[in-house]
Amino acid sequence: MNIIYLHGLSSSGQSNTAKKLRELLPEDNVVTPDIPVSPIETLQLLLSLAGEYRPDDTIVIGTSMGAMYASQMKGYRRILVNPAFHVSDLLKENNGERLRFFSEREDGCESFEVTETLIDQFEEMEANLFYVGDVTPESVIGLFGDKDDVCNCQEEYCDGYFYWSSFKGGHRLTEEVIKNTLLPVINWMKEPDYTSKRIFLSFEDITPGDIGFIGKMDNYENAFKIYKKGIGRKWYEEIVHEYQGTKLLDGREVNLHFPSLPEGANEETVELVYGNRYCQNPSVEIYGKNGVQVTDGNFIINDNILVCRTDR
């Protein structure tokens with residue numbers, strides 16, 4: 001597996017985090033480039049990385065500023081640690097100053113100057129971070145230190161992505177956090193079916209927009225998006241009255257049928273959902289065992305890392 005690590009501001013590909021990842025992942029190809037000071041040059045670097053490493057066997061990890069850049073590598077599995085979506089604000093506090101790099105860089109440069117031009121470049125890029133929605137938000141997880149006093153972009157993160165977790169720590173990662181939090185998340189994300197390890201929601205907790213699965217959760221063709229939920233034959237008739245015979249935007253006509261009930265089920269009290277399977281016509285399905293099983297995003301990694309789902 002390729003592991004691309006993007007470091008934070010004033011750091012390098014030889015940071016302590018980068019070194020620790022190479023140590024803990026000896027069987028992986030851990031790539032830790034120096035991120036250019038200029039956002040324009042960095043975006044060119046990201047394009048170069050995307051041309052060299054395929055999304056299906058690559059995980060991108062970013063910390064702080066690096067997490068902001070990692071978020072832009074859409075289509076990849078990404079781990080965003082304490083993402084800093086407003087680096088320009090941090091630079092404004094040091095406008096006109098020279099900031100030293102915390103670790104050695106390949107070009108030997110020891111510091112960089114904070115200029116108005118640099119601040120403007122970051123501001124322009126940051127304004128467009130979420131202009132285009134991420135087509136694979138479920139492939140991203142955000143990790144947030146509960147004592148991070150440098151930046152807090154969790155609310156913005158949750159507006160764009162599904163999954164997040166918190167850890168005990170600050171903005172900069174300690175070896176303990178890398179080993180006990182980041183490493184287990186990396187190993188979990190290596191699994192092809194990593195997003196299937198979730199718990200089931202009860203019928204009372206599901207909401208319109210939730211996506212669940214019919215049968216096994218190993219094929220997105222089984223995915224079912226819920227539009228409405230309700231109880232029994234009376235609710236079904238209301239749905240039929242509202243939608244039967246209407247046409248979808250692509251011209252398909254809605255043609256609903258009451259689902260076949262398993263033995264012991266009562267058509268007046270059965271829990272039903274209205275929605276559609278992947279690329280299929282809308283239908284009314286039975287919720288629960290042998291029906292639509294909607295998954296909550298909350299799940300546990302390594303028996304102690306709780307990953308939460310946002311309400312976006």
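Me: In which sense do strands E14 and E15 (residues 305-309) pair?
Reply: In this predicted model, three bridges link E14 to E15. Within that pair, Ile300 has Leu306 of E15 as its bridge partner. The sense of the pairing is antiparallel.

Me: Which strands are the edge strands of the open sheet?
Reply: The sheet has eight strands in the order E2-E1-E3-E4-E7-E8-E15-E14, and its pairing is mixed. An edge strand here pairs on one side only. The edge strands are E2 and E14 (299-301).

Me: By how many degrees are neighbouring strands of the open sheet turned against each other on average?
Reply: The open sheet is made of eight strands with mixed pairing.

Me: How many bridges join strand E7 (residues 140-145) to E8?
Reply: E7 and E8 run parallel. One of the bridge pairs is Gly145 with Phe167 in E8. The number of bridges joining E7 to E8 is five.

Me: Which residues form the uncovered face of strand E8 (residues 163-167)?
Reply: E8 has one covered and one uncovered face. Tyr163, Ser165 and Phe167 make up the covered face. The uncovered face consists of Trp164 and Ser166.

Me: How many of the five residues of strand E1 (residues 2-6) are buried?
Reply: Both faces of E1 are covered. Asn2, Ile4 and Leu6 are buried on one side, and Ile3 and Tyr5 are buried on the other. The number of buried residues in E1 is therefore five of five.

Me: Which residue in E2 stands opposite Asn2?
Reply: E1 pairs with strand E2 (residues 29-31) in the parallel sense, over three bridges. In E2, the residue opposite Asn2 is Asn29.

Me: Is Ser10 buried or exposed?
Reply: Ser10 lies in the loop between E1 and helix H1 (16-24), and its phi is near 65°, a positive value in a residue other than glycine. Most residues other than glycine have a negative phi. The relative accessibility of Ser10 is 8%, and because buried means under 20%, Ser10 counts as buried.

Me: What is the C-alpha separation of Gly13 and Glu106?
Reply: Gly13 is found in the loop between E1 and H1 and counts as buried at 0% relative accessibility. Leaving aside neighbours within four places in sequence, Gly13 is in contact with His7, Ala18, Arg22, Thr32, Pro33 and Asp34. Glu106 is 93 residues away from Gly13 along the chain, and their C-alpha atoms are separated by 8.3 Å.

Me: Where is Asn82, a residue with a positive phi?
Reply: Phi of Asn82 is near 45°, and this residue is not a glycine. Asn82 is buried, because its relative accessible area of 2% is under 20%. Its location is the loop between E4 and helix H4 (87-92).

Me: What is the relative accessible area of Ser71?
Reply: Ser71 lies in the loop between helix H3 (65-70) and strand E4 (77-81). Not counting residues up to four places away in sequence, Ser71 touches Arg78, Leu80, Phe85, Leu129, Asp134 and Tyr161. Ser71 is buried, and its relative accessible area is 3%.

Me: Why are helices H2 and H5 described as oblique to each other?
Reply: Helix H2 (residues 39-52) and helix H5 (residues 116-127) have axes 9 Å apart. An angle under 35 degrees would count as roughly parallel, and one of 65 to 115 as roughly perpendicular. H2 and H5 are therefore oblique, as they pack at an angle of about 50°.

Me: Which cysteine sulfur is nearest to that of Cys158?
Reply: A search of the whole structure finds zero disulfides. Cys158 is buried, with a relative accessible area of 17%, whereas Cys109 is partly exposed at 33%. The nearest cysteine sulfur to Cys158 is 9.0 Å away and belongs to Cys308.

Technical notes
Residues numbered from 1 in each chain as written. Predicted model: local features only at pLDDT ≥ 70, side-chain atom pairs only at ≥ 80, totals over all residues. Heavy atoms only, no water. Helix = DSSP H or I, 4+ residues; strand = E, 2+ residues; numbered from the N terminus. Buried < 20%, exposed > 50% of the residue type's maximum accessible area, 1.4 Å probe, protein only. Contact = heavy atoms within 4.5 Å. Axes fitted to C-alpha atoms, helices over the stretch in contact; angles between N-to-C directions. Parallel < 35°, antiparallel > 145°, perpendicular 65-115°, else oblique. Disulfide = S-S within 2.5 Å. Pairing = 2+ DSSP bridges.
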